[in-house]
Amino acid sequence: MTRTEGEIATNTDPAGPWSLVVPLKPLARAKSRLGRAVGEDARPRLALAFAQDTVAAALACSLVRDVVVVTDDAVAAAALSTLGAHVVPDAPGAGLNAALAHGARSARTLRPAAAVAALNADLPALRTGELARVLDFASAFPNAFLRDAAGIGTTFLAAASGAEFRPAFGGPSGARHLASGAVEIALHGVDSVRRDVDTGEDLRVALALGVGSHTARIAAVPAPSRDR
């Protein structure tokens, strides 16, 4: 089911503030497709910078209470903890969705009634105001999701207070989340929440939107070769 801004919601008791769960692979394995465009030396540094800019923007959002990062990477854990994130190891070690479920459980251990949402770690152009609009919209429904810029994957999946968190990320996850009963968030002007970065072309678009300071320093507006 898709809802657009301005429609009557079925659940008008917003739960906020939110706990966001951000998963991050070990940097040595992160963003493998991006290496073709930026080089293998820059790839892990950019992966960390993406996560830093994502977490910093999320923590600056007034609707966000805390950010739980799920990672086994010690360098990333230290950097993201410094920003104020609560870092937990990927104890399940069973892939992205298991890591997200673990992060949501960790968030709700700290705050049992928390509304939780998964947010991709590769949103370097993330705008606090755009994230707030997405969270405000999602708060009206038990479960809601936002497709990525390609319209195939998912960059955001929410579960309101008391609602089950059921991540189904990977590949055409937008269709799976829609089939699960989650409401699709159909908002205009939230490009920064949809713009994940996997390829050189994605990075060029993110740079055009305007990335955070961590990514800007490392990218230094490179001229990456076009992905094949």
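Predicted model: local features only at pLDDT ≥ 70, side-chain atom pairs only at ≥ 80, totals over all residues.

**Entry 1: a loop residue**

I began with Glu164, which sits in the loop between β7 (154-159) and α6 (173-179). Residues are numbered from 1 along each chain as its sequence is written, and side-chain values use heavy atoms, with hydrogens and water left out.

Is Glu164 buried or exposed? Glu164 counts as exposed, at 53% relative accessibility. My scale is relative accessible area with a 1.4 Å probe on protein chains only: buried is under 20%, exposed is over 50%, and partly exposed is in between.

I then asked what Glu164 touches, leaving aside neighbours within four places in sequence. I found Asn143 and Ala159, where contact means heavy atoms within 4.5 Å. I also checked Glu164 against Ala101: they are 63 residues apart along the chain, and their C-alpha atoms are separated by 10.0 Å.

Gly162 is in the loop between β7 and α6 as well. Gly162 counts as exposed, at 74% relative accessibility.

**Entry 2: the cavity**

Rolling a probe the size of a water molecule over the atoms shows where empty space is left. I worked on a 1 Å grid over the protein atoms alone: a cavity is a set of points where a 1.4 Å probe fits but cannot get out, a pocket is an open set with protein on both sides within 12 Å along at least five of seven lines, and lining residues have an atom within 4 Å of a point. Points are joined across faces, edges and corners, and a volume is the space filled by probe spheres set on them.

The structure holds one cavity of 30 Å³ or more, and the largest cavity has a volume of about 40 Å³. Glu164 turned up again here, lining the largest cavity together with Asn143, Leu157, Arg166, Ser180 and Ala182. By class, that lining has two nonpolar, two polar and two charged residues. I counted Ala, Val, Leu, Ile, Met, Phe, Trp, Tyr, Cys and Pro as nonpolar, Asp, Glu, Lys and Arg as charged, and the others, Gly among them, as polar.

How big is the largest pocket in volume? I noted about 1,000 Å³. It is lined by 38 residues, and the closest to its centre are Lys25, Lys31, Leu96, Asp122 and Asp198. The elements that give two or more residues to this lining are α2 (42-59), α4 (96-110) and β5 (115-119). Of the elements, α4 gives the most, with three residues. By class, the lining of the largest pocket has 16 nonpolar, ten polar and twelve charged residues.

I stopped at Lys31, in the loop between β2 (18-23) and α1 (35-38). Lys31 counts as buried, at 18% relative accessibility. Its phi is positive, about 55°, although Lys31 is not a glycine. Most residues other than glycine have a negative phi, and most peptide bonds are trans.

Phe50 lies in helix α2 and is buried, with a relative accessible area of 1%. Phe50 and His214 are 164 residues apart in sequence, yet 7.3 Å apart in space, C-alpha to C-alpha.

**Entry 3: cores and rings**

The largest nonpolar core has 43 residues, and those with the most contacts inside it are Leu20, Val67, Leu119, Leu131, Phe156 and Ile185. Such a core is a set of buried Ala, Val, Leu, Ile, Met, Phe, Trp, Tyr and Cys residues joined through side-chain atoms within 4.5 Å. Apart from it lies another core, of 18 residues, among them Val68, Ala99, Leu157 and Phe169.

Last, I searched the whole structure for aromatic pairs and found one. Phe137 and Phe141 form a tilted pair, 5.8 Å centre to centre with 35° between the planes. Rings of Phe, Tyr and Trp (its six-membered ring) pair if their centres lie within 6.5 Å; planes under 30 degrees apart count as stacked, over 60 as edge-to-face and the rest as tilted. Both Phe137 and Phe141 are buried.

Conventions
Helix = DSSP H or I, 4+ residues; strand = E, 2+ residues; numbered from the N terminus.
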